[in-house]
Amino acid sequence: MPPKRAVVTLAEKKARVLKFFQEEHSIYSIKDLEKLIPKKCAGVSSMLVKDIVQQLIDEDGLISVEKCGNVNVYWCFKNQLVGKMCTEMQAMKARSEESQVRLQELQAAINSEKKHARAAAFRSEGVSYTRAALLTEHDELGRQLAALQSAYRKLEDTKWDETKIDSYCRGVRSKLEQLDKITDNIEVIVSFLMRRHAVSRAELAAALDMPEEFEEFEDLRKSLP
């Protein structure tokens, strides 16, 4: 029996189409996409291209489209997604802060209610409350706040700022310094063995399975601020 074809899910098809847009860094008409995507994205036929692209626009908000003359042009660059994530992160932060304020208000109302007998309903500052409804809302807001804070932390981890970049660069410089010390020590040992056993560096390198010259990583060093 011939092997079964692997089923490509809709999510996988969307991911492949999105990757195509981000790798090519260009703009396309729908006809261009119907020709190129089936060649670049396994499992995505030309008949599905228009529907998948439209879903990525309408449902996911990941692809941009503008009318240019009589033709719609489509694109998606990586920096757009970073900007979208930052916007969503700020929106989540705002909702989280609103939830915290509401939780404080509910806690104050609950504390006020605790001072009195645990009646099923009570009034505070001219507003009527029921204890059961307040506790239910309090629990629900607590769950929403925990979910928002978790999502915010995940987005915060993906955001690179000057502090994070400086920390990363310091770490790379430290590793390079350690590498230089190790390389210097190896060079001292190699020189000693060459003199002691009257062998060439090439012979010693072959015997010890090491390169004749060590990588200096000059491009990396120059790129560090």
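Biologist: Helix axes are lines fitted to C-alpha atoms over the stretch in contact, and angles run from 0 to 180 degrees between N-to-C directions. In this predicted model, at what angle do helix 1 and helix 3 pack?

Modeller: The axes of helix 1 and helix 3 are 10 Å apart. Angles from 65 to 115 degrees count as roughly perpendicular, and helix 1 and helix 3 are therefore roughly perpendicular to each other. The packing angle is about 85°.

Biologist: How do helix 1 and helix 2 lie, roughly parallel or roughly perpendicular?

Modeller: Helix 1 covers residues 10-24 and helix 2 covers residues 30-40, and their axes come within 10 Å. The crossing angle is roughly 105°. That makes the arrangement of helix 1 and helix 2 roughly perpendicular.

Biologist: Which residues of helix 2 make the contact with helix 1?

Modeller: By class, this contact has 6 nonpolar and 2 charged residues, with no polar ones. On the helix 1 side are Val17, Phe20, Phe21 and Glu24. On the helix 2 side are Leu33, Leu36, Ile37 and Lys40.

Biologist: Which element gives the largest share of the largest nonpolar core?

Modeller: This core has 17 residues, and those with the most contacts inside it are Val17, Phe21, Leu33, Ile37, Val53 and Ile63. Helix 1, helix 2 and helix 3 (46-58) are the elements that give two or more residues to it. The largest share, 5 residues, comes from helix 3.

Biologist: Which residues does valine 17 contact, leaving aside its neighbours within four places in sequence?

Modeller: Val17 is among the residues with the most contacts inside the largest nonpolar core. Val17 also takes part in the contact of helix 1 with helix 3. Beyond its sequence neighbours, valine 17 touches Ile37, Cys41, Val44, Ile52, Val53 and Leu56.

Biologist: Is alanine 198 buried or exposed?

Modeller: Alanine 198 sits in the loop between helix 6 (162-197) and helix 7 (201-208). Its relative accessibility is 69%. The cut-off for exposed is over 50%, so alanine 198, at 69%, counts as exposed.

Biologist: What is phi of alanine 198?

Modeller: Most residues other than glycine have a negative phi. Alanine 198 has a positive value and is a residue other than glycine. Its phi is near 55°.

Conventions:
Residues numbered from 1 in each chain as written. Predicted model: local features only at pLDDT ≥ 70, side-chain atom pairs only at ≥ 80, totals over all residues. Heavy atoms only, no water. Helix = DSSP H or I, 4+ residues; strand = E, 2+ residues; numbered from the N terminus. Parallel < 35°, antiparallel > 145°, perpendicular 65-115°, else oblique. Contact = heavy atoms within 4.5 Å. Nonpolar A, V, L, I, M, F, W, Y, C, P; charged D, E, K, R; others polar. Core = buried A, V, L, I, M, F, W, Y, C linked by side-chain atoms within 4.5 Å. Buried < 20%, exposed > 50% of the residue type's maximum accessible area, 1.4 Å probe, protein only.
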